[in-house]
Structures are given as C-alpha cells and as structure tokens.
Amino acid sequence: MEKYLYIALFAPLVSSLFSSLFTATPKKLFTGIMASLLIFTSLVSSTILLMYILKGGEPIHVTMMTWMATGDLYIPFGFVVDQISVTMMMVVTLVSTVVHVYAIGYMDHDKGFNRFFAWLSAFVFSMMILVMSDNYAGLFIGWEGVGLCSWGLIGFWFHKESATWAANEAFIMNRIADLGMLIGLFLIYWNTGTLQYDGAFAAFHQLPTDTLTWIGVFLFIGAMGKSAQFPLHTWLADAMEGPTPVSALIHAATMVTAGVYLVIRSHELYSLIPHVGLFIASLGTFVALFAASMALVNRDMKRVIAYSTLSQLGYMFAAAGLGAYWVALFHLMAHAGFKALLFLGAGNVMHSMHDELDPFKMGGLKKVMKGTWIMMVVGSLALAGVIPFAGFFSKDTILEAAYSGNHMVIYGVLLFTAGLTAFYSFRLVALIFHGEERYKLFGIHPHEAYRFMLWAMSPLLLVAIGAGILQTPFFDMVEEALNAHEYHIAHGTALIMLVGTQMFVGLAILYAYKKYANSRVTVPDGTSKMENSFAYKLLINQYYIPYAYEEYLVKPYRELSEVFWQKVDLKIVDATVDGIAGIIYSTGEKTRVMQSGNLSTMLKWMVAGLVGLLSLAVIFGLAARYSDEILTFLSALGV
Amino acid sequence: MEIGLNHYLVLSTILFAIGLVGVMRRKNLLLLFFATEILLNAVNVAFAAISHYYGDLTGQMFAFFVIAIAASEVAVGLGLLIVWYKRNGSIDLDALTTMKG
C-alpha cells in the first residue's frame, strides 16, 4: 500500500516538473494531456487507498526520510493515510483531475498553456503534502506551497494590473495569518516537544487549558487566512482575477478548505477547548450570513460564487466549532463537488460570452448552452440544499448539529442563510439562462463549450447529485477517527424541520425566478430606486471593508513607509554606506597623482616606503627590547 | 688595524646608500642598471662578510644566487633597453611615462 501512497503523492510533482520543461515554448497539447494523465494516476492511487481504508485497513504511516534532527527537535518527512487524509486526497485528486482536463479546453488559446499546467500540478502536489503529512511542520510546507501556487495562478495573466494586485493581496494577507499559525506551531513545540500529530495530541491532555487556548487560537488564525474568514476575507473575492479553472480548484474546492482541514485534523486539541470551538462556530456562522448577504446583489458572476464559497466555509467552521467534525468534513467534500461544478459552468458561460462577467448582460443562454445549463442548475440545487442533492445532506446535518447542541442563534442564522443561498444561486441561474436574450444588445454570439469539457465535468455532476448516499458509509469510516456521533432529534421535530427548511428554500428559489427570469429585467444603469438604497450600496461595496482597509490600513502604512524611506533609509543607512564609499573614492582620487608613470618618481616612492617600513621595524624592535624601561617611565609619569 | 666584520658592514652600507641615491636620481636607464648592480653587490658584500664571521657557508651560497639572478636580470633588462632605444631613440626615464595613471 505504501507504493500507492508514494504514487498518489509524487505523480503531481512529476507532472509539474514535466510541464515546467516547456514553459518557455509555445502551446503544446501533450503537456496538458500528460499532466491530466499523471493527476489521474494520483486519483487512481487515492481511490485504491480509499478502498483499503474503507475495508477497515489500518492507517498507513510511513517515514520517507529525516528532514531535521538537531538536539531534541526531530522532524521527518512522514506521511499518513488515515480516514481524514484519504477523504481529502480523494477530494483533491478528483477535482484536480476534472480541472486539468477541463483546462485543456479552457486554456486552449492561451499563450501560457504549458506554464498553466506546471503551476496547477505544483499546486496539487503542495495540497497533497498538506493533507498527507503526519506532522505540523510538513503541513506547514504544504500550506506555504499552496499559498505560493495560488499566488502564481491568481496572477497568471500578469500583464493585467488587477491580476497582479489581487495575487499580491492574497499572498500578503495569507502571510499575516501564517504568522499566527507559526506562533501556534512554536507553542506546540515549546509545550509538547514534538510536532508529530500523535505525539502532540497525546501531550495535549496534560497541558493547562490556558496554553491549549492560545495554541487553538493561533492555529485558528492561520486557518482564518487560508479559508478567508472575516476579517481576512477580502482576498478571496479579488482572487477571481485568476483563470476560472483556478477558481474552481483552488478558491472553491481545495486550498480554501485547508483551514477547515486544519481544525478537523486538530480536533483532539479543539475538543479540549470547547470555548474556542464556540468562538469558531460563531465566527463561521457570522461569515456564512455576511458573505451570503454580499452575494445577493453582486453583479460579477464569479464573485457571487466566490461569496457563496465564503459562506459555505462559514458553515464548515460552524460545524467544526460545534464539535461536529465529521459533518464539517462531509460538507467540505460535498461542497468541493458542487462548487467546482458551478465554477466550471461559469467558466463555460464566460468563454461563450467573451469574458463578460455581468449576468445582467446575459439572459436566455439556456437555448444555446443546454449542457452547461443543466450542470449549473444541478450545482445550484446542491448548493441551495434541495433534497435529494448533495448539499441537502451535508447542510441539513450541520443544522441538526446546531439544533441538537441547543445553539439556537447559530441554528437560526444558518437556516436563514440557507434561504439567502438559494436566492442568490438561482438569481444567478435565472439571470444567465432565462429571460430575454439581453446579450444581443452587445453583439455577442454565444456558443457551447467543447464537448469534452462537459464530459470532464460530469464526475462533479455525479457528486453533486449523489453524494448524499455516501453519508452513511462516510460516517462509518470516520466514526472512530473523529469521535463522530449521529444527531438524534425527535422524529416529529425532525420532520417539521425538514419540511420547513425545504419550503423556505423552495420559496427563495421561486422568488428568485419570479424576480429575475422575466422579460422586464434590464441591464441596471444606476438609476433604479433599489440601486440608490442604502442597503444596496452597503452590500455592493462589500460593507466598505476593502475601502476601509485601503483608507485606514494601507494608506497610513504607505505613509509610514515613506517616512522611514526618506528619513531612516536615505538619511542614515544610505548615508553611512555612501560615506564609506565616498571616503575610499576620494582617497583614490587624491593618491592617483602618485601614479605618474615616471619610473624615477615611482622608485622614489618605493624608497620612501622602504624607509618608512624600516623605521617602523626599528621603532617596534626598540620598544620591544626596552619595554620594561618604558613601562617604568610611564608609571613614573602617573599614566 | 685589523679589518673586522664592522668594516665590511660599513662598506656595504655605504655602497647601498650610493646605489639607493643612484636609483632615485639617475635619469639614464643604463645608469639605473648600474645603480641596481651596486645595490645588489652591497648586499653581496654583507652576505659574504657575515658568512665568514659565523663560519657558515650558507651566506656565500646566497651571494652566488644573487650574482646569478643579477646576471640574468641584466641580460633581460639590456635586451629590453636595446629594443626600447631602437623604437624611441632615447633611454631617458622622463620620456618613459606610458604607464601614467
């Protein structure tokens, strides 16, 4: 089985190295095909490992080599395949296989075709390290690796100013959070003496609650950055500058869920500190509502989906914070499927609309893009949590977990957010695929995507439709690893909750259709009453948070840097260095005249030097010989 | 009066001083060679005298080395000097300033 572990881990690395050989050359189709095949190999190996674990096999734990061994510090490159990591491996490899094949079509006309696959596969490799490592240090390597690849892929079209800006924003914001994560890791090492999961978890039971709280808080700060939780959320929406397959793979399905994975992986820590867990759940609930509200009005198709990702991440944190780790992991899995499906569908629409992102300028695309329409509708149904699609099972269980834990506020907010989710996802579907064909005004001739791209998306379609039936086997698999338990609510209450939720969601969908799928919808021009209302302005400007960051953090920081540059760097540091150089330079300039080229003069200088050195030798020789007398003489002078 | 080591060393010093002044003052390249020969031979006198004083042959061997090297140096130097004279028609040191920095 170890063989499959190594194949699953290193196939993406090989793929990345192979593709990177051709980064400087024009598009070569075989790099895309080769990369897809290698990632598919990784998927097959992961599936074999999943089968092995499902059959009740022992978790596989290998130590490939020692990374660091100094004093008491021992960090190996060790990998573990247990119930948690095998789930993540399946999610990562499945979505990335789909995205790789899809990208062959999507990046068809792009000059950076080969470079794209090099980055994308490098991302998959980093993500595999992140989920498979058996210690926090290895996790951190993967954590930084996915951050780097995310930077490279958001800024993939680096000739666009906005893309490089978004890439830097994502990278810098993640660095801030990573500082928290590093402090968490240092605290773990300081207090337990190891970074291995099993060793650290065992040691946590003896630590005082204060220490554990700090560790939990700092680790969660790291998770907040990666999973774009408030207040570090602004980068995720801006990250939509990257190519759409990147948004599907990194900013929906895998990388942003790394924070959730971290909390789930450290569940033995968080179950010891339920107060931190409650904070995580509250923050997650808040973000779920907060992000969903911004998605209600946004006029950028990809940003709407990005906000819904944010909102769903909030759901996952809510579940994980309440101790329902298996529910969080299950929602992560289901969400990866339908959200990647939605993004790839949005990519098809974008392609056919010549990179137009405003859904108000679309409409009626159902006629030309039947396949994409079906996919987007299924994806949205799953996202909205309509029975029997994937989102229903996972999201409903989160609600049940909140309800049975007697967290009524969390339950109520999450339920309300479910309605918002249904509304904004079908607002998008209605605007894009139904109603008048408004794109004709802009002279666009839409066309369906390549057939193989639709085929490539079909595995995700299956996940979005049928992931619900996996709930029981999944529960059985992770039951022991995550201390999972079912949530039992009285039968009558459960039925009322089910019907109530479904009706609420259904009404939200109907309302969205009624409002946006008719012929009266026009491209907003900023004059309607709604567009001038305070609430709309607040939401479309993302609660003015990016503005506030720019105004109250970035600008003062820039001014401070300006001061330091002008005053400290130029006047002190530079001046010192320049002064030293200036002295040497002017000495050279002054003594240059000695080099007259006249042999006679130079010989005189030589003699002068000789005499100087000889007299020095004589003086020191005399001083050494008569040192005692000199000392006596000096002491007599009172020195 | 017995001639002792000191006399030889004084002679050597006087010769060395003469050579040094020659090196500094002479403007004729050929005479500059003379001056360097005086310098080297002043040292040779000192070597030989001290070698005799201590009864150790090493100093005299050194003197032979110096003679051999001085001979080869003069051979090369005179060769270059002739080439220089043929080319420029002068062996005046003040005209020899192509290396001016």
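# Reading the terms in a predicted model

Q: What is the bridge partner of Thr66(A) in β2(A)?
A: In this predicted model, Thr66(A) is bridged to Pro76(A), a residue of β2(A).

Q: Which residue of the hairpin of β1(A) and β2(A) takes a positive phi?
A: Gly71(A) does, with a phi near 60 degrees. The hairpin has two residues between its strands.

Q: Why is Asp355(A) called exposed?
A: Asp355(A) has 8, so it falls in the exposed class. Asp355(A) sits in the loop between α15 (325-352) and α16 of chain A. Its phi is positive, near 65 degrees, although Asp355(A) is a residue other than glycine.

Q: Why does Tyr543(A) count as partly exposed?
A: Tyr543(A) has 14 C-beta neighbours inside 10 Å. Exposed would need 12 or fewer and buried 20 or more, so a value in between is partly exposed. Tyr543(A) is in the loop between α22 and α23 (545-591) of chain A, and it has a positive phi of about 60 degrees without being a glycine.

Q: How do you know that α14(A) is mostly covered?
A: Of the 21 residues of α14(A), 20 are buried. For each of these, 20 or more other C-beta atoms lie within 10 Å.

Q: What span is expected of helix α14 of chain A, and what does it reach?
A: At 1.5 Å a residue, 30 Å is expected, and helix α14 (residues 301-321) reaches 30 Å from its first C-alpha to its last. After α14(A) comes Gly323(A), with a positive phi near 90 degrees.

Q: What omega goes with the cis peptide bond between Phe230(A) and Pro231(A)?
A: Omega is about 5 degrees there. Pro231(A) belongs to the loop between α8 (209-226) and α9 (234-238) of chain A. Ile387(A) and Pro388(A) are also joined by a cis peptide bond, with omega about 5 degrees. Pro388(A) is in the loop between α16 (370-384) and α17 (390-404) of chain A.

Q: Why is chain B said to be more spread out than a compact globule?
A: Chain B has three helices and zero strands. Its radius of gyration is 17 Å, well over the 13 Å that the globule rule gives for 101 residues, so the chain is more spread out than a compact globule. The C-alpha trace spans about 50 × 25 × 25 Å along its principal axes, and 12% of the 101 residues count as buried.

Q: What makes up the side of chain A that touches chain B?
A: Contact is made by 10 residues of chain A with 12 residues of chain B. On the chain A side, three are nonpolar, five polar and two charged.

Q: Which helices of chain A have the lowest and the highest mean pLDDT among its elements?
A: Helix α22 (residues 534-540) has the lowest, 83, and helix α5 (residues 136-154) the highest, 93. Chain A averages 89, and 100% of its residues score at least 70.

How values were computed. Residues are numbered from 1 along each chain as its sequence is written. Chains are lettered from A and ligands numbered from 1 in the order in which they are written. This is a predicted model: local features need pLDDT of at least 70, side-chain atom pairs count only at pLDDT 80 or more; totals for chains, interfaces and linings use all residues. Two strands pair if DSSP finds at least two bridges between them. Helices (H or I, at least four residues) and strands (E, at least two) are DSSP runs, numbered from the N terminus. Two residues are in contact if their C-beta atoms, placed from the backbone, lie within 7 Å. Ala, Val, Leu, Ile, Met, Phe, Trp, Tyr, Cys and Pro count as nonpolar, Asp, Glu, Lys and Arg as charged, and the others, Gly among them, as polar. pLDDT is the predictor's confidence in each residue, from 0 to 100. The radius of gyration is taken over C-alpha atoms; the globule rule is 2.2 Å times the number of residues to the power 0.38. The expected span of a helix is 1.5 Å times one less than its number of residues.
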